[in-house]
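Student: I would like to learn how to read the features of a model like this one. Could we go through them together?
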Amino acid sequence: MANFKLHSPYPPAGDQPKAIEALSEGLTKGVRHQTLLGVTGSGKTYTVANVIAQYDKPTLVLAHNKTLAAQLAAEYREFFPEHAVHYFVSYYDYYQPEAYIAHSDTYIEKEAMINAEIDRLRHAATQALLTRKDVIIVASVSAIYGLGSPEEYEKVHVKLAVGEALSRAELLRKLVGIYFERTNADLAPGQFRAVGNSVEIMPVNEKVLYRVVFDETDRVAALDTLDAISRAKIGSPESVFVFPAKHFVTSEDERERALADIKLELDEQLAKFKREEKPLEAERLKRRTLHDLSMIREMGYTTGIENYSRHFDGRAPGEPPHTLLSYFPHTKDGRADFLTVIDESHVTVPQIAGMFAGDRSRKDTLIEYGFRLPSARDNRPLTFEEFEARVGPVIYTSATPGPYEREHSVPPAGQVVEQIIRPTGLVDPELIVRGVVEDGDYPGQVADFIDESEKVIAKGARVLATTLTKVMAEDLTDFLKKRGMKAAYLHSDVKTIERIEILTNFRKGMFDILVGVNLLREGLDLPEVELVGILDADKEGFLRSETSLIQTIGRAARNVSGRVLLYADVMTGSLTRAIEETNRRRALQMAYNTEHGITPKTIHKEIRDIAESMRSEHDTAIDSMLSIDTELYKKNPKKFIKEKRAQMAEAVAALDFETAAIIRDEIYALEGKESPKKRGR
């Protein structure tokens, strides 16, 4: 029986049928490396979805940033609504790795702001891989970083069943043992609370509550699944599985062995520092490590526990860590039994290859100056060679494949499959080259771009602009706003969900021009964009290389009126090659349309709020209540707030803290105040 069932309102078209056939045949024949050279807007994701359905095995889709990964996850969920499509990226909205700068004697402590919702999605991904076969995981490069043993993660779960001999106290101890936290307030993922003869648990992978009711004989009398916000009963299962709240878990026996190994390594490193006459480094390492050992022994966990992962996993020095790849299925002889798709491979492949060296350099310095034990080196990303050894067949997708893909996709070990003809009949955009500097009647690139943008915006379309630096992008955005134009700039340090919301709002028309530097090239599906302006297109370099130019040009390829303004005073080699390749593809597409009587049509794609699925239920509930209550509040603010405060008090009296917190934050929103939760209290 097939694991995957593809849902699509339309059949493959354009070059898609032959691409699907070629890629599927390659997988059947055991071809290891295949490249799908698909132009922007040719439906590479749909082609791959068809291949996944035919190959019928779990699939890992790698993307080079969180925004693209979120977009791909949403698309695959549409194609496979009955199956487990999950999103796996770093759970940090902000991340500053631990580091030491020797020349200035500056120690930078690890600092991170963890996004609880993304952490929940990570757990949902790993648990799906351990319990199902119909799984697609869309991941960032986070997939090659240490994650903890899947065997231990699976082994220490808690199974609850109606009729099971289990006391309330025993369950509480078990939950603490798998890193759940006890609370008397609002439940968050990975927390539980005891209320009377029942225990309520919020698992880390679902937006629900499990209510476990005990009888007088210390047995589980009932199991209920509740909506996390309304607390309405969803179901009454006979049994449920509760997986650990953290990925780095070990049994008690393994923990004791690991602690002994860490202490032994500490003694060896202290002896080394003594021989080298480094008392400061020795004291620093001793205090840090003994504190961590104490926390692990008492609490089972400590900040930075991943730096001791080799000891907990029982790995030899230098042996690669467990990663997300470890959770995918493997054959009995250890070979990967899943498909890997590397999206926008010309960026993602080099990104994967570059992770190890940077991490090793940082760790070496920390170890040399006594901030970490040598085993911290083994808390690391995979090397590219290790990554290659841990995946099976790979499909690379890109409009501009890089050297690695081209080299490895040579027959008979590989193949390149072109997808130039779009199902919509859309052709590559018209390219127009204009000068950068003001010359006679020509006003210069910025003024010309604004003039062209106003014409496009008047028709209800959108505009993209790419600059060479962040400062230039900010200045251009401010200048456009002063001219009364609705413009926004996509910062590289904008939080994950906010970044996605900006793109969604851009598509909705909340602003007309989006300005960026290197954020607007790969994988952004924006069919409303009719005009792309590439400022300073003649500045040879990474941002104006042939690959970058072709990718940026592709942003206008989803609109029948798509045009690209290339501002250049000099025709560089990269610019010349990009124009020639675009015109080659455009000629093939126009010839195909003429031969088949096709009239191109702009893509009309539903504007999905990807970020909405990543927001907390708490925030969603508040928004829902605000949409209902705002008008009532306006009629009589004081009376309305008084009634809301009374409702909040009733919820607290009934120990319904979730509802109380929602009402509290709704009151703050109505009064225009910032909630305590957002202030970090």
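Student: What share of the contacts between residues at least 6 apart in sequence join residues at least 24 apart?

Tutor: A contact here means heavy atoms within 4.5 Å. Among contacts between residues at least 6 apart in sequence, 74% join residues at least 24 apart. Please keep in mind that this is a predicted model, where local features need pLDDT of at least 70 and side-chain atom pairs count only at pLDDT 80 or more, while totals for chains, interfaces and linings use all residues. Residues are numbered from 1 along each chain as its sequence is written, and side-chain values use heavy atoms, with hydrogens and water left out.

Student: How many helices and strands does the protein have, and what percentage of its residues is buried?

Tutor: Helices (H or I, at least four residues) and strands (E, at least two) are DSSP runs, numbered from the N terminus. By that rule the protein has 22 helices and 25 strands. Buried means under 20% relative accessible area, exposed means over 50%, and partly exposed lies in between (1.4 Å probe, protein chains only). Of the 681 residues, 53% are buried.

Student: Let us turn to the sheets. In which order do the 7 strands of the open sheet run?

Tutor: Two strands pair if DSSP finds at least two bridges between them. Here the order is β3-β8-β2-β17-β18-β1-β19, with parallel pairing. β3 (84-88) and β19 (414-419) are the edge strands, each pairing on one side only. As for angles, axes are lines fitted to C-alpha atoms, for helices over the stretch in contact, and angles run from 0 to 180 degrees between N-to-C directions. Neighbouring strands of this sheet are turned by 15 degrees against each other on average, direction ignored.

Student: Which strands does helix α1 lie across?

Tutor: Helix α1 (residues 16-28) lies across β1, β17 (339-343), β18 and β19, and runs at about 165 degrees to β19.

Student: What is the pairing in the open sheet of 6 strands, and what is its order?

Tutor: This sheet has mixed pairing and the order β10-β11-β12-β13-β14-β15. Its edge strands, each pairing on one side only, are β10 (181-182) and β15 (233-235). β13 (residues 208-214) and β14 (residues 220-227) run antiparallel and are joined by 7 bridges, with V213 standing opposite A222 in β14. Helix α6 (residues 168-177) packs on the sheet, where it touches β10, β11 (191-195), β12 (198-202) and β13, and its direction makes about 20 degrees with that of β12.

Student: How should I read the packing of α7 and α8?

Tutor: Two packed helices are described by the angle between their axes and the distance between the axes. Helix α7 (residues 252-275) and helix α8 (residues 279-299) pack at about 175 degrees, with their axes 10 Å apart. Angles under 35 degrees count as roughly parallel, over 145 as roughly antiparallel, 65 to 115 as roughly perpendicular and the rest as oblique. α7 and α8 are therefore roughly antiparallel to each other. Among the residues that meet are L259, I262 and L266 in α7, and L285, L290 and L293 in α8.

Student: How many aromatic pairs are there?

Tutor: Rings of Phe, Tyr and Trp (its six-membered ring) pair if their centres lie within 6.5 Å; planes under 30 degrees apart count as stacked, over 60 as edge-to-face and the rest as tilted. The structure holds 10 such pairs. In one of them, the ring centres of Y46 and F79 are 5.4 Å apart and the planes stand at 35 degrees, so the pair is tilted. Y46 lies in helix α2 (residues 44-55) and F79 in helix α3 (residues 66-79), so the pair ties together parts 33 residues apart in sequence. Y46 is buried at 4% relative accessibility, and F79 is buried at 9%.

Student: Where do backbone angles need a second look?

Tutor: Most residues other than glycine have a negative phi, and most peptide bonds are trans. D218, in the loop between β13 and β14, has a positive phi near 60 degrees and is partly exposed at 43%. E277, in the loop between α7 and α8, has a positive phi near 55 degrees and is exposed at 68% relative accessibility. A cis peptide bond joins P411 and P412, with omega about 5 degrees.
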